[in-house]
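Here is a structure to look over before reading the notes on how its parts touch.

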Amino acid sequence: MQRRMLITAAAAALPWAAQAQGFTPQNAECIAPAAPGGGFDVTCRLTTRMLSELNLVPSPIRTQNMPGGIGAVAINHINAQRPTDPNVLIAFSTGSWLNMAQRRFGRFAENDVRWIGAVGADYGVIAVKRDSRFQTLADLVAGMREGISNIPVGSSGAVGSQDWTKVALIARAAGQDPRRMRYVPFEGGGAAMAALLGGHTQLFPGDASEIRGQLEAGEIRLLAVLAPQRLPGFLSVVPTAKEQGVDVEWPIIRGFYGPPRMPDAAYEYWVDVLRRLHAHPAWPEARAAQGMFEFNMVGAEFAALAKRRTEEYRVLARDVGLIQPTQ
Amino acid sequence: MDVFAALGGGFGVALQPGNLLLAFIGCILGTAIGVLPGIGPLNAIALLLPFCLALRLPPESALILLAAVYYGSGYGGRITAILLNMPGEPSAVLTTLDGHPLAKQGRGSAALAISGIGSFVGATLSVIAMTFLSVPLAKLAVAFSPADYVALIAFALSLLGAVSDGPAVKAWAAGCLGLLLAMVGVDSGTGVERFTLGSLELLGGIDFTVLAIGLFAIGEILLLIETRLRSEAAKLGGGKKLSLREVIFCTPAMLRATGIGFVIGVLPGAGASVASALSYTAEKRLNGAQGKFGQGDLRGVAAPETADNAAQIGNLVPMLSLGIPGSGTTAVLLGALLMYNITPGPLLFEQRPDVAWGLIASMYIGNAMLLLLNLPLVGVFARLLTVPAWVLYPGVLALSFAGVYAASNSAFDLLLAIGFGVMGWLFRKMAIPLVPIVLGFVLGRMLEDNLRRAMSLSDGDAWALLGSPICLILWAMTAAALLWPLLRPRRV
């Protein structure tokens, strides 16, 4: 009897014990490794806002922009200065995996961070200005065959980045050498959009979440979404690349990693916070408002995906000659 | 839609008591943030945003508050620049050139007053231009190609020699040093590390705040220690108050600076520093002969301060009418809209006129508030100088260090600031001007990024740099600016 009571008492005390042992964030920070206005920025601001609003974290998480080297500065900063910081989340996207695969983050790669989880996925789009000569993706493919270097492509990120890769994959489907593309990197999607609207560039291989304002105003058109099937909502009228005979998909998974030696208690805490965010009834609407689609993967399963994808992109980078095969 | 009706609707929003109060709070916060070296409006807005959401402010109110912090900061940066020779924000660097000499002559209050009036004129005329011309202006913003930016920045750089008195060769050398410092860090195009000496702290490049605080604040204090706080400090009284005649005398300069500042501000990526530098040098070139620029000319204070505020408002044009952020701070403002599930873009004025026009109307009110707030306080600000130097300067230094550390959380940056401080002190002794270093630094990065873009767009054809009428005009102006000192009869 006494023993049973003890067990009951212990069981009752368990939630409290777990909390006491566990971790409470203090002055937590979300690093968006780009200038404000782009996808990383949205990832941080949307997630931190929802976590506060839904009371999933005890105090608001502030967003810090850390532009430079499309994320290289942030991963170096974390590894050099805050490798054990339990209070920092760093936004990443599929593009970060590309950069790691291509060794653009110096000596740091997929095994030098702790993969916490995804918040959603976005899809690549191929945008042109309202009055572009290209009406469909087929027009673009034909245009590439006529002269791929006559089509200036402007986006955020360097050669080899995911925006570059989207067009490179279409170029390969058109039987062209991606290295002959005329690609102009801008710092941030806002500047690249301005260049498209100004007619300085002809293609904007952006993400579905960043083009809504200009699309609804009729300033730009979308030739294709790079998704497995048509996307819902305002994008349902845009055909996929596959429908138009070009087998290219580009999902942009967005989420967070933590520092390489983030304590287990903090790691589990953040994984759990994301899991509870995904399960919250208010989340799908907020996520959809930012043009993101469901992608609820966290923790160990997600870390495995991150490592698998990075390896796949490493193979791709070798194929197009972005990195030396021996290394 | 009728602009007046829409603006009337906007005033309906902006004049609600809650929104008036928020605009007022924003103005005060903005001024304070401008005064504090190291803390810029970007960080302040990013920090305030969660509060707006937590207080469940409606989107137009949040935007009114955040924007007031943004344009209010343009009023604050001049105070320490004029009184202490320590610019509180990047665009106030030019204000030190004539503002501090005025303060030394005991006319600190007059300099503060004219800069407040200039800020008001620049901001208000720009808001009027924005009200009626935002659509054609937005077209100008996107029409500017990378090659045009290259020419614009080259023009700004060509004026470096005119910024300071003394041998032009020293100014050029200082400007080149600034260009070199801008190279440090990870190259944004390729991810290659440059001049980082293997240091991870330098990967992100040198922060502007670190450079400015080091060169100006720490360098000034080192010099004061050397002269035992005796000779150089500014005087509180003794000078004449600002007269109406002087305001009228400065008016043409303020109008020119408004035009320069607003147009530069509309261009995404150019910004207030370029605007204040161009307007100062323009005034000096136009009126240098009869003026006493560099020794305390009121126009030398009025021009950069007017241009600074005009550019800040100009920056909001592409943001509101195209949904394209022109600077880091406006990008955070756009982010605020996103958080309220408002899609920024060309349809903002139609979909949410309450937000767009409410904001514009609030800027008329906010700038009037700032003028009324700033003019009577001129005397209070000037009283800063009655604080004993041995309290004042260490206090400013502590605030500066706090600002540097808050921005980067890096002790390395503090050491770097001290290093620049020693450099600034030595350069002062050698009469090497500091302003060109800072301008070279700011312009260097923009020049490189845009040159690369222009070259990729043209497939490496350098003739593309002369490819548009805007380019040709700007290059012609650059050539004229460079040749002018050679053609001008030498004054000894």
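Predicted model: local features only at pLDDT ≥ 70, side-chain atom pairs only at ≥ 80, totals over all residues.

Residues are numbered from 1 along each chain as its sequence is written, while chains are lettered from A and ligands numbered from 1 in the order in which they are written.

**Domains of chain A**

- Chain A is assigned domain 1 (28-121 + 252-319) and domain 2 (123-250); such bounds come from an automatic or database domain assignment.
- The C-alpha centres of domain 1 and domain 2 of chain A are 25 Å apart.
- In chain A, 17 residues of domain 1 are in contact with 19 residues of domain 2, where contact means that the C-beta atoms of two residues, placed from the backbone, lie within 7 Å.
- On the side of domain 1 of chain A that touches domain 2, α2 (39-53) and α4 (94-101) of chain A each give two or more residues, and α4(A) gives the largest share, three residues.
- Helices (H or I, at least four residues) and strands (E, at least two) are DSSP runs, numbered from the N terminus.
- That side of domain 1 of chain A has nine nonpolar, eight polar and no charged residues.
- Ala, Val, Leu, Ile, Met, Phe, Trp, Tyr, Cys and Pro count as nonpolar, Asp, Glu, Lys and Arg as charged, and the others, Gly among them, as polar.

**Contact between chains A and B**

- Chain B puts 46 residues into the contact and chain A puts in 43 residues.
- Elements supplying at least two residues of the side of chain B that touches chain A include α3 (41-54), α6 (108-143) and β1 (185-186) of chain B.
- α14 (328-339) and α19 (435-457) of chain B also supply at least two residues each, and α14(B) has the largest share, seven residues.
- The side of chain B that touches chain A has 26 nonpolar, 17 polar and three charged residues.
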